[in-house]
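Thanks for passing this one along. Have a look at the chains below, and then follow my notes point by point.

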Amino acid sequence: MWSKLDITEQRIIQRAKSGDRDAFAELVDLYKDKVYHVSYRMLGNQQEAEDVAQETFLRVYANLDNYDPQYKFSTWIYRIASNLSIDILRKRKKNLSIDAEITGAEGVDWHDRLADTSKGPEEEVLIDELQEEVQDAIMGLNPKYRAVMLLRYIEDLSLQEISEVVQLPISTIKTRIHRGREALRKKLRFM
Amino acid sequence: MRCQDNVRLMHRYLDEEANKEEEMQLRAHIATCQDCKRHFQELKKTIAFVQSLSHTKAPEGFTERVMAALPKEKRKISFFDRIKRHPLLVAASLFIVLMAGSMMSFWTEGQQRFEFSAPQTQNVKVDEEHHMVIVPAGKTVQGDIVVRNGNIKVDGDVRGNVVAIDGEVYAASTAHISGEVQEIHQAVEWVWYNLKKVFNSLANS
């Protein structure tokens with residue numbers, strides 16, 4: 001089942017485990033974009049996404065000895081990142097519960113991001129609007145559904161892999177994906 | 001087919017779990033039902049929208065910031081942590097090391113000297129000059145005979161083991177030895193022999 005890439009990765013992990021900091025830096029480089037991206041889509045906020053991504057790697061470092069090579073490294077890393085994101089969303093909900101009704105949505109501040117793509121100004125605006133709508137729709141999902149949908153459609157994980165990440169049976173993952181798809185469809189159908 | 005069942009089929013299809021037959025059913029239904037057709041297209045469009053979200057990259061300098069935030073030295077697992085994890089293994093290896101150690105010293109202690117142990121010494125003859133213990137024909141020894149730095153010649157009966165350490169065992173055709181015959185030439189073998197004896201006696205007790 002192991003691909004050549006996985007074997008290279010396992011070697012880097014071994015080196016990192018034995019205390020090689022350069023090897024750990026390689027692991028960070030390999031996974032930082034994925035971790036950051038999934039956290040960003042979970043939270044809709046750059047600063048929090050970076051905090052979660054950084055905390056994810058600090059936890060990976062502290063717990064390297066407990067990593068079981070039987071599982072994919074990515075599975076473990078996604079688990080940490082999505083759990084941290086859900087924690088932040090829970091805290092945010094508590095803090096916002098007083099004024100949430102006024103602002104209407106969580107993570108509204110994602111609108112002013114994402115401007116520095118290398119597209120022309122008009123095209124950029126169009127893409128931005130579409131992306132904004134999609135991100136808003138995702139932010140409207142319950143975090144449990146949101147995490148599963150992002151892992152499935154942004155990180156391209158299989159149902160089996162998602163079930164390993166969130167440590168729930170595949171049947172539960174399927175239900176969440178079905179409901180997640182239907183919820184997003186209702187919000188995006190007129191686009 | 002009811003539309004509700006068909007929606008379930010759509011999701012199976014989108015999860016790549018629908019078989020050929022189900023796919024045919026789905027297509028057949030969609031061809032006749034406008035609502036389901038729209039529903040299916042909307043679902044596919046939704047997925048495409050989510051997939052089209054641009055992949056944001058981690059900000060500049062991210063790796064450096066993570067590395068700077070790491071604790072200074074990686075915590076090494078101490079020897080005692082390992083011991084705590086495998087107490088049985090440690091106990092077993094400690095046992096073997098101590099056993100081996102005591103037997104080795106026993107071994108070096110007794111080197112070069114001709115000696116033997118046997119029950120009923122009246123039934124064995126000892127040739128001191130040739131370092132030889134003899135069980136004469138017609139005589140019976142009940143028990144083990146162990147000779148160190150010498151040889152054993154068995155013409156009679158031994159109801160037990162015959163062991164020569166740094167020596168040889170000669171068994172005549174008339175000999176009857178009910179136990180094992182062993183010649184031990186090295187310290188390691190000596191240790192092994194003793195360990196075996198311990199384990200055998202443990203197993204038999």
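How many helices and strands does chain B have?

1. Chain B has seven helices and eleven strands, taken as DSSP runs numbered from the N terminus (H or I, at least four residues, for helices; E, at least two, for strands). Please keep in mind that this is a predicted model, where local features need pLDDT of at least 70 and side-chain atom pairs count only at pLDDT 80 or more, while totals for chains, interfaces and linings use all residues. Residues are numbered from 1 along each chain as its sequence is written, and chains are lettered from A and ligands numbered from 1 in the order in which they are written.

2. Of the 205 residues in chain B, 19% are buried, that is, 20 or more other C-beta atoms lie within 10 Å of the residue's own, with C-beta atoms placed from the backbone.

3. Helix α3 of chain B covers residues 34-52. Among the residues of α3(B), B:Cys36, B:Phe40, B:Leu43, B:Thr46, B:Phe49 and B:Val50 are buried. An α-helix has 3.6 residues a turn, so residues three or four places apart point the same way.

4. Now to the partner chain: 26 residues of chain B are in contact with 36 residues of chain A, contact being C-beta atoms, placed from the backbone, within 7 Å. On the side of chain B that touches chain A, α3(B) gives the most, with seven residues. The residues on that side divide into 14 nonpolar, seven polar and five charged. Here Ala, Val, Leu, Ile, Met, Phe, Trp, Tyr, Cys and Pro count as nonpolar, Asp, Glu, Lys and Arg as charged, and the others, Gly among them, as polar.

5. UniProt, in an unreviewed entry, lists residues 7-36 of chain B as "domain: Putative zinc-finger"; such annotations may be inferred rather than shown by experiment. In the model, residues 7-36 of chain B are 80% helix and 0% strand, with end C-alpha atoms 7 Å apart.

6. Do look at the open sheet in chain B, too: three strands run in the order β4-β7-β10 with parallel pairing, where a pair needs at least two DSSP bridges. The edge strands are β4 (140-141) and β10 (176-177) of chain B. Two bridges join β7 (residues 157-158) of chain B to β10(B), and B:Asp157 has B:His176 as its bridge partner.

Note on methods. Buried ≥ 20, exposed ≤ 12 C-beta atoms within 10 Å, placed from the backbone. Expected span 1.5 Å × (residues − 1). Contact = placed C-beta atoms within 7 Å.
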